[in-house]
Amino acid sequence: MGKSTLASTIVASNPSNYTIGRMGYSICKITPHHMASVLTAEQCGKIFQKDTRNASANYGIGNDGSIALYVDEDSRAWTSSSRSNDCQAITIEVSNSSIGGNYPISEAAWNSLVNLCVDICKRYNFKLLYDGTPNGSLTKHNMFANTNCPGSYLESKFPELANTVNAIIDGQQILPEIPRQPTPNRKIGDTVKINGIYVASNSIKKLTPARTTGTITKIIVGALNPYLLDNGDLGWVNDNVIINSNETSTSMSTKKDINIIADEVRKGLWGNGNDRKNKLTNAGYDYNKIQKIVNQKLNANSK
Ligand SMILES: [Zn+2]
C-alpha cells in the first residue's frame with residue numbers, strides 16, 4: 001500500500017479503471033494532469049468510481065488544495081495514454097481554477113502539487129527532470145496523445161515545478177504553506193462555521209470536515225491559527241460564514257516557546273520572507289529573535 005500522508009481522503013477508483021501492480025516497473029516519474037474542470041478532489045474521484053470511465057489517476061488535487069488518493073501508488077492508473085509512462089509514474093489530476101483560456105490553477109492547488117511532488121520524490125528517491133521529452137521524470141499527457149492536457153498554464157509552470165521541488169529536496173527552499181482560508185480575528189465564545197483543516201502539525205491532530213458549526217473554545221496561535229470549537233473540531237473561519245459574534249468575550253490565546261516557533265519556521269509553517277515576518281509579528285512574536293534562532297540552527301546543521 002503506497003499513499004502520501006498529504007492525502008486527506010481516499011476516493012477509491014473502480015477496479016475496472018486501472019491495472020493492479022506496475023508490471024515490474026519502479027516509480028520514477030510524476031505526471032501532473034489538469035481536470036479541465038473546477039472540482040474538489042472528492043468530486044473528481046467520484047468520476048473514476050464509474051465502471052465505464054476507463055480512466056483514473058493516482059491522486060487528485062482540488063481547487064481548494066485538498067488532496068485525495070484514487071489509485072494506490074502500487075498500482076498503475078490509466079491517466080496519460082501511455083502504458084510505459086503510467087507504469088513508472090504517479091499521476092496527479094489537478095483542478096483548474098476556471099475553465100477556458102489558459103486553464104489556470106489556484107495557488108492552493110499549486111502549493112499542494114509542489115508538496116505532493118516533494119513527498120513522492122523523497123519517498124521514491126528521485127528528483128524532477130523536465131526536458132520536454134518522455135525520458136524526463138516530469139512528464140505530461142500531451143507527450144503521448146493529442147490533448148490539451150495539462151493546459152497551457154500548468155504546462156508553462158513545469159520548469160518551475162521541477163526547480164521548486166528539487167530546491168526543497170536539497171534544503172534550499174522550504175515547503176510552501178499549507179493552503180487555507182484567511183483567518184479574521186474571532187474571539188472565544190463566538191459562534192462560527194469553520195472550514196476543514198486537512199494537514200496536521202504537531203499540535204493539531206484532528207481532521208475536521210468542512211463547514212462545522214460550533215462555539216470557539218480556544219484560539220491556537222501558530223502558523224495555521226485554527227480555532228477549536230466546543231464540539232472538538234478545529235478549523236479556520238471564513239469571513240462570510242460567521243453566524244454571530246460575541247464581542248464581550250476576550251481572547252485567551254497563549255504563546256508558544258520561541259524555540260518551538262523557530263522549529264515551525266524551519267518546517268515551513270510560517271511561510272517565507274515578508275509573509276513570515278508579518279505572520280510572526282501579528283501573532284505577537286519577535287521576528288528578529290526567532291529568525292536568529294532559525295539561522296543558528298541552520299548553521300549548526302550545515303557544519
Ligand atoms: Zn491528462
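Leaving aside residues up to four places away in sequence, Gly62 touches Leu39, Thr40, Ala41, Ser95 and Ala109, where contact means heavy atoms within 4.5 Å. The model is predicted: local features need pLDDT of at least 70, side-chain atom pairs count only at pLDDT 80 or more, and totals for chains, interfaces and linings use all residues. Residues are numbered from 1 along each chain as its sequence is written, and side-chain values use heavy atoms, with hydrogens and water left out.

**Gly62**

- Gly62 lies in the loop between β4 and β5; strands (E, at least two residues) and helices (H or I, at least four) are DSSP runs numbered from the N terminus.
- Gly62 has 0% relative accessibility and therefore counts as buried; buried means under 20% relative accessible area, exposed over 50%, and partly exposed in between (1.4 Å probe, protein chains only).
- Between the C-alpha atoms of Gly62 and Met35 there are 9.3 Å, and the two residues are 27 apart along the chain.

**Aromatic pairs**

- The whole structure contains 3 aromatic pairs; rings of Phe, Tyr and Trp (its six-membered ring) pair if their centres lie within 6.5 Å, with planes under 30 degrees apart counted as stacked, over 60 as edge-to-face and the rest as tilted.
- One of them is Phe48 with Tyr70, an edge-to-face pair at 5.5 Å centre to centre and 65° between the planes.
- This pair links distant parts of the chain, 22 residues apart: Phe48 is in the loop between α1 (41-47) and β4 (59-61), and Tyr70 is in the loop between β5 (67-69) and β6 (76-77).
- Both Phe48 and Tyr70 are buried.
- Tyr130 and Phe158 are edge-to-face because their ring centres are 5.4 Å apart and their planes are at 70°.
- Tyr130, in the loop between α3 (107-124) and α4 (152-156), and Phe158, in helix α5 (residues 158-169), are 28 residues apart, so this pair too links distant parts of the chain.
- Tyr130 is partly exposed at 23% relative accessibility, whereas Phe158 is buried at 0%.

**Charge over a ring**

- The charged end of Lys157 sits over the ring of Trp110, 4.3 Å from the ring centre; this requires NZ of Lys or CZ of Arg within 6 Å of the ring centre and within 35 degrees of the ring normal.

**Helix α3**

- The 18 residues of α3 should span 26 Å, in agreement with the 26 Å between its end C-alpha atoms; the expected span is 1.5 Å times one less than the number of residues.
- Helix α3 is largely enclosed by the rest of the structure, because 14 of its 18 residues are buried.
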